[in-house]
Amino acid sequence: RRMKQTLAQLRGLFKPADADKTMVDINHLMQDVFMLFRHESMKTGIKCELVPANPNLAVMGVPDQLRQVFLNLALNSQHAMPGGGLIRVDTDLIMRNGEKTAMIRFSDTGPGIPPEQFGHIFEPFYSGKPGSMGLGLAICREIINRHGGTIEATPGQGSGAVFTIHLPAGPQA
């Protein structure tokens, strides 16, 4: 199962991003991800919360690839909180560098990422988790970059980790 997942991620890494781009409603896509994640989150006592500041948040993108990024971030949060906790996703339309930008911020109440790892977590084959291949966040960064965006990780306020994604907003946003 793990090899199958890794191969699927690698296939996504080499798929041309422009081939299947369409207008993607970020809030709707996040609701889909939380629906996929619901069974796992209920088993582990994790609450998922979507806080959309803008109901019309759209980007041009490949829905399956963006879904893969969001699901990977949710699963990483789950693994960091085996005793339960909260995953909160805030979305908003902001101005960044003079451009309309979709902002998607994942935060959790886990223990956070050790400071010495922040410079490495997006590197391929780097992992702070035993038994992990260290490809998930590298693939996430590659997908977001191919969509013209950025992803960064910062410590949460008090505890946890925060992953912030910025994507160029679609014309309907």
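In which sense do β5 and β7 pair, and over how many bridges? They pair in the antiparallel sense, over 7 bridges. Here are some notes to read beside the model.

1. **Ground rules.** This is a predicted model, in which local features need pLDDT of at least 70 and side-chain atom pairs count only at pLDDT 80 or more, while totals for chains, interfaces and linings use all residues. Residues are numbered from 1 along each chain as its sequence is written, and side-chain values use heavy atoms, with hydrogens and water left out.

2. **Overall layout.** The protein chain has 4 helices and 7 strands; helices (H or I, at least four residues) and strands (E, at least two) are DSSP runs, numbered from the N terminus. Read from the N terminus, the order is α-β-α-β-β-α-β-β-α-β-β. Of the 173 residues, 42% are buried, where buried means under 20% relative accessible area, exposed over 50% and partly exposed in between (1.4 Å probe, protein chains only). Among contacts (heavy atoms within 4.5 Å) with a separation of 6 or more, 73% come from residues 24 or more positions apart.

3. **The sheet.** Have a look at the open sheet next: 5 strands in the order β2-β4-β5-β7-β6, with mixed pairing. Its edges are β2 (46–52) and β6 (150–155), each pairing on one side only. From one strand to the next the twist averages 20 degrees; axes are lines fitted to C-alpha atoms, for helices over the stretch in contact, and angles run from 0 to 180 degrees between N-to-C directions. Two strands pair if DSSP finds at least two bridges between them.

4. **Strand partners.** β4 (residues 85–96) and β5 (residues 99–108) run antiparallel and are joined by 10 bridges, with V89 opposite F106 in β5.

5. **β7 and its cover.** In β7, 7 of the 8 residues are buried. Helix α4 (residues 136–146) lies across β6 and β7 (161–168), at about 25 degrees to β7.

6. **T101.** This residue sits in strand β5 and counts as buried because its relative accessibility is 6%. The T101 side chain reaches the backbone oxygen of E99 at 3.2 Å. For polar contacts, the rule is a pair of N or O atoms within 3.5 Å; within protein, one must be able to donate a hydrogen and the other to accept it, and residues adjacent in sequence count only if both atoms are side-chain atoms. Beyond four places in sequence, T101 touches residues including D92, L93, H166 and L167.

7. **H147.** In the loop between α4 and β6 you will find H147, buried at 4% relative accessibility. A polar atom of the H147 side chain lies 3.0 Å from the backbone nitrogen of V62. Outside four places in sequence, the contacts of H147 include K21, M60, Q65 and P168.

8. **Helix α2.** D25 caps the N-terminal end, with a side-chain oxygen 3.0 Å from the backbone nitrogen of N27. The helix bends by about 50 degrees at R38, the bend being the angle between axes fitted to the seven residues ending there and the seven starting there. Its buried residues include I26, M30, V33 and F37. After α2 comes G45, with a positive phi near 75 degrees.
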